[in-house]
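Subject: Structure for your review

Dear colleague,

Please find the structure below, together with its sequence. My notes on what was found in it follow.

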Amino acid sequence: MSGLPIDPDLVARHNAPRARALAEDYDALGSRLARGGVDIDAVTARVAAFTVAVPSWGVGTGGTRFARFPGPGEPRGVFQKLDDCAVIQQLGRATPAVSLHIPWDEAPAAELRGHAEALGLAFDAMNSNTFQDHPGDARHPLSYKFGSLSHNDPAVRAQAVAHNVHCIRIGEALGSKALTVWIGDGSNFPGQSHMGRAFERYLASMEEIYAALPEGWRLFSEHKMYEPAFYSTVVQDWGTSLLAAQSLGPKAACLVDLGHHAPNVNIEMIVSRLAHAGKLGGFHFNDSRYGDDDLDAGSIDPFRLFLVFNELVDLDGPGFAPAYMIDQSHNVSDPIESLIRSADEIRRAYAQALLVDRAALEAFQGANDALMASETLKAGFRADVGPILARARADAGGAIDPVAAYRASAYRARVAAERPAAQGGGGGIT
Ligand code: LRH
Ligand code: MN
Ligand code: MN
């Protein structure tokens, strides 16, 4: 497939009957915002400039530890995954880049780049996979059952380091500028591993990976509280991640996956602290109620997503450029629809945070007026910014209602006829 996956005429036919209502809603919101001194077009321009990368592994149906129920027309391999990512971008216009996972997405770099360019896509951070074995892969003869970068066998560590360097080299050929490292290393029983020595081995391995970074690249360490290890995890929280990033050097920073924390943890405060340390590298957006649930961004707790964006808007300024990515797994929805919706929810939280009256907020904070400070912040969250999101999409050539346009396109039925059903399908483990 080359060129846009959905007929542009279909998008135009979808938008035409909706354009008038959007114009009215946008004008009404514009008048309301103008009363508070806010220029709606300026907000729309900032929203339109905000993009978030989609995960290649997110376009397949995921699974749980218990079962995987494949959906129709699932992508078979990375080229079809890119096709699906192009649909998300064509209709939503918020996701021009894809984050690849190696070796799930292993393919000749020139072909990958060519296919992506034909679809108008670029590549965001690369992800390495040393959290499962790769049978039949000559680069991975040794097992990661007992860890990877922190393994007590130097040969396994060397294999895991070499894999990460391999990911960097692929990324270089693709125009990526970052490597995200998440490891599943840890232990299931007290006494099983020496927590201090395991961390030292991890750091030594990360130093080798760091040394292989090209100019202009960043190395993200991604923490996660538990799973697959259930007693101790080597990079279990932002404190450990920050220690690693600080000891590695300026190219290293921390990546915050929203689902990798205990319920009720104040994630926006972690964002603030990492930014204070100059080590806020990037995000994996998703939503969660219990653990690493990988649900659609904003689907459980949109207020928390807004509070994260409130910090980001507050921190915004020269040189502040975290990498924004989605990390989701879809079990009961069409992944394309879920990813369109998540990107929209992420932009919604951003737009709402842009509407917060920061001068008033600061004044209420300074006066210890807790109630009015809270009200001022919440006013941004309460705003219905739907017309701003739709305007940004439509002006960029996307669909006013992207999920409706996607359904009207019958893309899923078309690819289901072209792609044979299979029970397996790599890249579903998140
Ligand atoms: C780990 C994780 C990490 C992996 C992805 C597949 O739970 O969030 O980002 O690379 O899932
Ligand atoms: Mn993640
Ligand atoms: Mn995860």
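How many of the ten residues of helix α13 (residues 386-395) are buried? Eight of them are, and the helix is mostly covered. Please bear in mind throughout that this is a predicted model.

The buried residues of α13 are Pro-387, Ile-388, Leu-389, Ala-390, Arg-391, Ala-392, Arg-393 and Ala-394. Their cover includes the helices α1, α2 (40-49), α3, α10 and α14. Just after α13, Gly-397 adopts a positive phi of about 95°.

The nonpolar core

One of the buried residues of α13, Ile-388, also belongs to the largest nonpolar core, which has 109 residues. Ile-388 is among the residues with the most contacts inside that core, together with Val-52, Val-98, Leu-179, Phe-220, Cys-254 and Ile-326. Helix α10 (residues 335-354) gives the most to this core, contributing ten residues.

Ile-326 may be taken as an example. Leaving aside neighbours within four places in sequence, Ile-326 is in contact with Val-52, Ala-53, Val-54, Pro-55 and Gly-58, with Phe-285, Asn-286 and Ala-297, and with Leu-339, Ser-342 and Ala-343. Val-52, one of these partners, is itself listed among the core residues with the most contacts.

Two packed helices are described by the angle between their axes and the distance between the axes. Two such pairs involve helix α14.

In the pair of helix α3 (residues 78-92) and helix α14 (residues 402-409), the axes come within 9 Å and cross at roughly 125°. At that angle α3 is oblique to α14, and the crossing is right-handed. On the α3 side the contact is made by Val-87, Leu-91 and Gly-92, and on the α14 side by Pro-402, Ala-405 and Tyr-406. Sorted by class, this contact of α3 with α14 has five nonpolar residues, one polar residue and no charged residues.

In the pair of helix α1 (residues 8-35) and α14, the axes are 10 Å apart and the packing angle is about 130°. This makes α1 oblique to α14, and α1 passes α14 in a right-handed crossing. Leu-10, Val-11 and His-14 of α1 meet Ala-404, Ala-405, Ala-408 and Ser-409 of α14. By class, the contact of α1 with α14 has five nonpolar residues, two polar residues and no charged residues.

The loop between β8 and β9

Several features fall in the loop between β8 (218-222) and β9 (232-233), where Ala-229 is found. A cis peptide bond joins Glu-227 and Pro-228, with omega about 10°. Glu-227 also has a phi near 80°, a positive value in a residue other than glycine.

Is Ala-229 buried or exposed? Ala-229 is buried, because 20 other C-beta atoms lie within 10 Å, and 20 is the number at which a residue counts as buried. Glu-227 counts as partly exposed, because it has 13 C-beta neighbours inside 10 Å. Beyond its neighbours within four places in sequence, Ala-229 is in contact with Gly-184, Asp-185, Gly-186, Ser-187 and Asn-188. The C-alpha atoms of Ala-229 and Gly-184 are separated by 6.7 Å, although the two residues are 45 residues apart along the chain.

Other loop residues

A cis peptide bond also joins Ile-102 and Pro-103, with omega about 15°. Pro-103 is found in the loop between β3 (101-102) and α4 (109-119).

Asn-368 is placed in the loop between α11 (358-366) and α12 (370-382). Its phi is near 55°, a positive value in a residue other than glycine. Asn-368 counts as exposed, because it has 7 C-beta neighbours inside 10 Å.

His-151 is located in the loop between β5 (126-128) and α5 (154-174). His-151 is buried, because 26 other C-beta atoms lie within 10 Å. Not counting residues up to four places away in sequence, His-151 touches Phe-146, Val-156 and Arg-157.

Yours sincerely

Conventions
Residues numbered from 1 in each chain as written. Chains lettered and ligands numbered in written order. Predicted model: local features only at pLDDT ≥ 70, side-chain atom pairs only at ≥ 80, totals over all residues. Helix = DSSP H or I, 4+ residues; strand = E, 2+ residues; numbered from the N terminus. Buried ≥ 20, exposed ≤ 12 C-beta atoms within 10 Å, placed from the backbone. Contact = placed C-beta atoms within 7 Å. Axes fitted to C-alpha atoms, helices over the stretch in contact; angles between N-to-C directions. Parallel < 35°, antiparallel > 145°, perpendicular 65-115°, else oblique. Left-handed = near helix turned anticlockwise from the far one by under 90°. Nonpolar A, V, L, I, M, F, W, Y, C, P; charged D, E, K, R; others polar. Core = buried A, V, L, I, M, F, W, Y, C linked by C-beta atoms within 7 Å.
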